[in-house]
Amino acid sequence: MQRLLPMGCRSLVSKNIWSTIVELCTFFKQLCASTVNISDMVEAQKQLVLILCKLERIFPPAFFDIMIHLVLHLPDEAILGGPVHMRWMYPFERYLKRLKNYVRNSVKPEGSIVEGYVVDEALTFCSRYFDDVETRFNRLDRNDDGIHPTRQLSVFESQCKPLGKQSYVELDNNARDKAEFYILNNSPELEPYLNEHKQELHVRLREGCLNINEVHRTEFASWFFEKIYAMHRMQAPEVTTELLSLSSKTNMVVSSYPACIVNGVRFVTHDRDVRLRTQNSGVSVLGTGQEMFYGQLQEILKFSYLNGFSVVLFRCKWFKCDSKQMITENNITSIDINGEAYKDDQFILASQAKQVFYIADPSRGPNWRVVQHVKHRSIWDITDDGLSDIDLLQHNNSSNFTLFVDLGNLQEINLLRRDQDVISIVQPVTNASRHVTDDSSFLNDVDEVELSDEEEESVEEYADEETDAENDIDTEEDDDDRSYHASNSD
């Protein structure tokens with residue numbers, strides 16, 4: 001409901017109906033977030049009233065049962081009870097499925113469940129004492145990339161656990177220079193050297209030179225190499241082994257892998273991903289201006305330096321993210337994968353990549369995809385920022401999904417169904433003279449109609465017969481009670 005339903009119904013129904021369904025799905029995204037912001041729930045409760053009003057103009061009255069009305073009370077429950085994922089029934093339903101798998105004798109299912117549970121408890125107890133045997137308690141995760149050594153330079157911590165067959169790729173000078181400059185430019189420890197080189201370029205080149213950034217890109221690596229080795233000959237204490245290795249050139253031949261695991265996430269190159277049923281080639285990276293870039297992983301390259309240091313880079317195909325190739329509507333981002341941008345800047349550090357998934361968008365065309373951001377299981381983003389000023393029920397924000405109800409086209413929603421013929425429910429009045437116009441006449445149970453003498457006598461005879469029949473029934477019940485008490489006294 002949170003991911004597939006908004007995309008599936010967008011190409012099947014009109015925009016008024018689709019936008020209303022998407023707004024309801026956005027509310028459930030907020031509700032099921034790991035952290036529920038109280039202010040978001042208060043605002044969502046106001047927006048839900050408008051959403052249900054729009055639904056009443058679309059669906060028939062039979063659609064609105066007590067479960068639809070329950071949606072209005074879900075924000076209050078989240079404010080009082082905290083995040084929903086701490087209280088929902090999915091873990092218990094999954095465990096019931098596990099207990100049902102214990103059944104081997106359909107005649108006595110309860111006994112089979114008890115025997116299976118006892119065996120599971122016994123195995124669990126024994127496995128706690130097996131240190132040299134792999135069990136589910138000491139087994140590594142499927143996407144565990146191990147523990148990498150801590151480095152002084154953060155770029156050397158961009159490591160991965162390679163998967164698949166290793167191959168070797170020989171890069172040309174242009175590709176290697178671009179990769180080396182990206183590594184140096186994304187090292188926070190080298191910020192003083194980057195600024196120093198820019199200042200020298202401003203002094204050397206004339207003012208207002210438009211190519212100063214391009215000169216900085218092409219000359220910084222050689223300038224940094226000469227400066228570090230000059231400081232090394234002078235035995236400067238700030239020149240460490242890692243800094244000396246980083247200033248050196250990388251090898252012309254680099255290692256390439258079809259897949260890898262980075263920070264507990266599995267990445268697969270696009271060439272291999274198209275042959276699989278799963279998808280692990282979508283990547284995204286956050287720019288310096290907080291803008292998001294999307295692309296596909298093309299190559300996983302490992303650059304080796306002196307003294308055994310290495311850096312893993314991803315070479316990606318980046319999509320165009322302008323207003324024509326990327327459209328965001330109702331919290332759904334669609335992107336055109338046909339175009340390619342940043343062909344001269346394709347590298348990112350493996351540690352910078354965030355995995356995304358692309359789902360076909362049939363409403364826009366065959367080359368359009370809907371971007372889906374996911375939060376991987378057992379992976380937590382722990383920050384040092386204080387949360388005392390934010391009124392949160394748990395860490396992780398529900399404000400990532402903006403709930404906005406569009407009432408602009410509310411009057412244009414057609415209330416008449418086109419799939420059936422219109423049936424009039426207003427019956428014609430056959431006797432207009434007996435039509436009631438006075439409200440006080442609704443209080444009378446008997447219509448004031450004049451009857452003839454013969455009709456009055458027949459009505460009185462019918463009433464007397466009804467009274468005699470009721471008296472006969474009461475007499476029979478009294479006789480039955482006397483006989484019952486007499487039998488009990490005997």
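**Strands, cores and a helix contact**

Q: Let's start with strand β4 (residues 259-262). Which of its residues are buried, and on which sides?
A: Both faces of β4 are covered. A259 and I261 are buried on one side, and C260 and V262 are buried on the other. Buried means under 20% relative accessible area, exposed over 50%, and partly exposed in between, with a 1.4 Å probe and protein chains only. Strands are DSSP runs of E with at least two residues, helices are runs of H or I with at least four, and both are numbered from the N terminus.

Q: What am I looking at, by the way?
A: This is a predicted model, where local features need pLDDT of at least 70 and side-chain atom pairs count only at pLDDT 80 or more, while totals for chains, interfaces and linings use all residues. Residues are numbered from 1 along each chain as its sequence is written, and side-chain values use heavy atoms, with hydrogens and water left out.

Q: Fine. Back to β4: which sheet does it sit in?
A: An open sheet of three strands, in the order β1-β4-β5, with antiparallel pairing. Two strands pair if DSSP finds at least two bridges between them.

Q: And which are the edge strands?
A: β1 and β5, each of which pairs on one side only. Direction ignored, neighbouring strands in this sheet are turned by 25° against each other on average.

Q: How many bridges join β1 to β4?
A: Three, between β4 and β1 (residues 161-163), and the two run antiparallel. P162 stands opposite C260 in β4.

Q: What about the β5 side: how many bridges there?
A: Four, again in the antiparallel sense, with β5 covering residues 265-268. A259 stands opposite V268, and I261 has R266 as its bridge partner.

Q: New topic. Which residues have the most contacts inside the largest nonpolar core?
A: Y193, F224, L246, F267, L313 and F314, in a core of 50 residues. A nonpolar core is a set of buried Ala, Val, Leu, Ile, Met, Phe, Trp, Tyr and Cys residues joined through side-chain atoms within 4.5 Å.

Q: What lies apart from it?
A: Another core, of 16 residues, including F28, V36, A44 and A78.

Q: How do helices α2 and α5 cross?
A: The axes of α2 (residues 15-31) and α5 (residues 74-81) come within 11 Å and cross at roughly 10°. That makes α2 roughly parallel to α5.

Q: Which residues make that contact?
A: F27, F28 and L31 of α2, with L74, P75 and A78 of α5. They divide into six nonpolar, no polar and no charged.

Q: Last one: V311. Buried or exposed?
A: V311 is buried, with a relative accessible area of 0%. It is found in strand β8 (residues 310-318).

Q: What is V311 in contact with?
A: Leaving aside neighbours within four places in sequence, V311 is in contact (heavy atoms within 4.5 Å) with V155, F156, S158, Q159, I183, L301, K302, F303, Y305 and L349. The C-alpha atoms of V311 and S351 are separated by 10.0 Å, and these residues are 40 apart along the chain.

Q: And how much of the whole protein counts as buried?
A: 32% of its 490 residues. The protein has 13 helices and 13 strands.

Conventions: Axes are lines fitted to C-alpha atoms, for helices over the stretch in contact, and angles run from 0 to 180 degrees between N-to-C directions. Angles under 35 degrees count as roughly parallel, over 145 as roughly antiparallel, 65 to 115 as roughly perpendicular and the rest as oblique. Ala, Val, Leu, Ile, Met, Phe, Trp, Tyr, Cys and Pro count as nonpolar, Asp, Glu, Lys and Arg as charged, and the others, Gly among them, as polar.
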